[in-house]
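Colleague: I am new to this one. Could you walk me through it and tell me how each term is decided?

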Amino acid sequence: MQLTGRVLTAAALILSALGPVTVLGAAKPAGDNNDDEDEEDAQDLARLRRSPIAVRASTAVSAYSDSDSVHVVSPTISGAVADDVAGWSVNGRYLVDAVSAASVDVVSAASGHWFEIRHVGSLAADVKTGPVGLMVGGGVSREPDYLSLGVGGTVSVELLDKNLTPFIGLSYGHDDVGRTGMAKAFWQTMQKVGLQLGATFVVNRSTIASISGDLILERGYLAKPYRYVPLFAPGVGASVPPGASVELVNQLRIDQRPADALPDARDRFAISGRIAHRLDSSTIRLDQRLYRDSWGLTASTTDARYTVDAARRLALGPHVRLHVQHGIDFWQRAYEATLVAGGTLAIPRYRTGDRELGPLKTVTAGAGARFLLSTDLHAPWALTMQLEGIYTAFEDALYLKSRRALFANLLLDVAFE
Amino acid sequence: MTKRLFLAVGLLLSAVGCVHVPPYQRGRLAHPTMLLTDAATPGEAHIYAIQEGAVGGGSGVEGGCGCN
C-alpha cells in the first residue's frame, strides 16, 4: 500500500508540474511586435521562470557478437521526469534483445540455429524528503520460454552534513522457466530475495567511496532447461581434454545424456567497494567485488574506468574489467556415471554443462566517448559511444577453451525543461 | 580468497579516516563522473550478468536475465 501511495504521489506531482511547462511553452499573443529589447527581457524572464521539471529521454542501440556464434542486437528507449529541486523523479525503460544463436551448446544438443526476442521493461521512482531518500522500482523480462518479474526498493539517509550516506535495499524476484512450446503448467519457478546494506562516504574534496554487502537467496529451479550433460563411463572422464570437440565428446560418451540438474537453493554473498577520484580534468573510478556462494563458487571482479575531459564538449577514456572465478564444488569437466550394485550405471545427482559455473577468467577492455551536442547545462543533449572487447578463458570446460566477443553501444541523451 | 577480502575491506575502511568536507568545497564531487551508481550501461550489465558466475554490488531493480 505504501508503494502504491508513493507512486500515486509521484504521478500527482508530475501532473501538477505540467502546468508551468505548458505556460512557458505558450505561443505569443497575435500582433505582438516586440523589439529586440523586449525580446531580451522576455528571454531573461523565461530563464528566471525556468521550470524545475526536467524531462529526459534517451535511445540506444547495442550489439554483441562472439566467436561462439551468438549475436545480439538490443535497441533501448528510456525516459525520465524529474524535479531536482523538489527531489523526485520517475523513470522507465524498455529494451528488446534480438538473439541469434548457433553456439556449440546448441550444436552439441543436435538443435538447429535459433532466434529469439526478449522484451524488458522497468519503472522506478525516487523521492527525497529531507535527508531521507526512497527509491522503488520494478521490472519485467519476457521471452517465449522465460518470464521474470522483480520489485525492490532502497532507503538512504544523509548523515554528517551529507558526508556519510548509509543505505539499505530489498528486492524480490519471481521467474518462470520453461521451454518453447511447453505448456505453462509444466514450467518451473524460481524465487529470489535480495538484501543490500552499504554506505557512501566522502573521503576528501576530490574522492568519494562506497562499500556494500549483498545477500541474495535463490530458491526453486536453478538449472538450464535446454542443457544436457554428456556422461562418460567410469574412468573415462579424465581422458576427455578441456575444450574437447563435439565429435570427440560424442565418440567417448555413453548413450545416457541427462538434463542439467542443480540444487534448488543457492545463497549468494558479495562485498563490493567503489571509489571515484576527481583530478583537474579527469576522473578515475575503481570498483571491486568479492563473491562467494553456497555452491562453492568464489570470484573477484575488478572494474576500472578513466575519463578525461578531452575538450569542452568531449569526454573519453578507457575501461578495463577483470573477472576471475573458481568453479562450483560439484563442477566437473566430464561427469562420469558410477557403477552400482547389479551392474547398472548411476548418474551424478548434480551435473551441469553451464561453463559459467566452472573456473574461468574474463578480461574486458575498451573505451567510451561522450560528446555534448548542446552546451545548455539545464537541458544537455549528448551522444555516447562505447566499444568493448571481451576475452574469456574457460579453464576446465568441454567444447570451448576460450571465447572472444565484441560489444558496441551507441546512446543518444536528450533533455528538455 | 579470505585474505583478499579482508585486505580489500581493510583498505576501504582505512579510507574512512576521511576529512569532513563542507558543501562549498564539493565542486569536484559534484562532477557527473563522480556518481557512484552503476557505471555499466544496461546492455553491458546484462552481458556481465550472463557471463560471470557472480552477482551483487549493483543497484536498481530489473527483470531477470532470462538466459536459459
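Colleague: Why is A:Lys162 called partly exposed?

Modeller: A residue is buried if 20 or more other C-beta atoms, placed from the backbone, lie within 10 Å of its own, exposed if 12 or fewer, and partly exposed in between. A:Lys162 has 16 other C-beta atoms within 10 Å, so A:Lys162 is partly exposed. Before we go on, this is a predicted model, where local features need pLDDT of at least 70, side-chain atom pairs count only at pLDDT 80 or more, and totals for chains, interfaces and linings use all residues. Residues are numbered from 1 along each chain as its sequence is written, while chains are lettered from A and ligands numbered from 1 in the order in which they are written.

Colleague: What makes A:Asp161 count as exposed?

Modeller: A:Asp161 has 12 C-beta neighbours inside 10 Å, and therefore counts as exposed. The residue sits in the loop between strand E6 (146-157) and strand E7 (164-177) of chain A; strands here are DSSP runs of E with at least two residues, helices are runs of H or I with at least four, and both are numbered from the N terminus. A:Lys162 is also found in the loop between E6 and E7. The phi of A:Asp161 is near 60°, a positive value in a residue other than glycine, and that of A:Lys162 is near 70°, positive too.

Colleague: Which residues have the most contacts inside the largest nonpolar core?

Modeller: They are A:Leu231, A:Phe232, A:Ala334, A:Tyr335 and A:Leu398, in a core of 13 residues. A nonpolar core is a set of buried Ala, Val, Leu, Ile, Met, Phe, Trp, Tyr and Cys residues joined through C-beta atoms within 7 Å. Leaving out residues up to four places away in sequence, A:Ala334 touches A:Phe232, A:Gly237, A:Val240 and A:Leu398. Another core, of twelve residues, lies apart from it and includes A:Leu290 and B:Ala54.

Colleague: How many residues of chain B are in contact with chain A?

Modeller: There are 40, in contact with 76 residues of chain A, where contact needs C-beta atoms, placed from the backbone, within 7 Å. H1(B) gives the largest share of that side of chain B, six residues.

Colleague: Where in chain A does pLDDT stay under 50?

Modeller: Over residues 1-33; pLDDT is the predictor's confidence in each residue, from 0 to 100. Where pLDDT is low, the predicted coordinates should not be read in detail. Chain A averages a pLDDT of 87, with 87% of the residues scoring at least 70.

Technical notes
Two residues are in contact if their C-beta atoms, placed from the backbone, lie within 7 Å.
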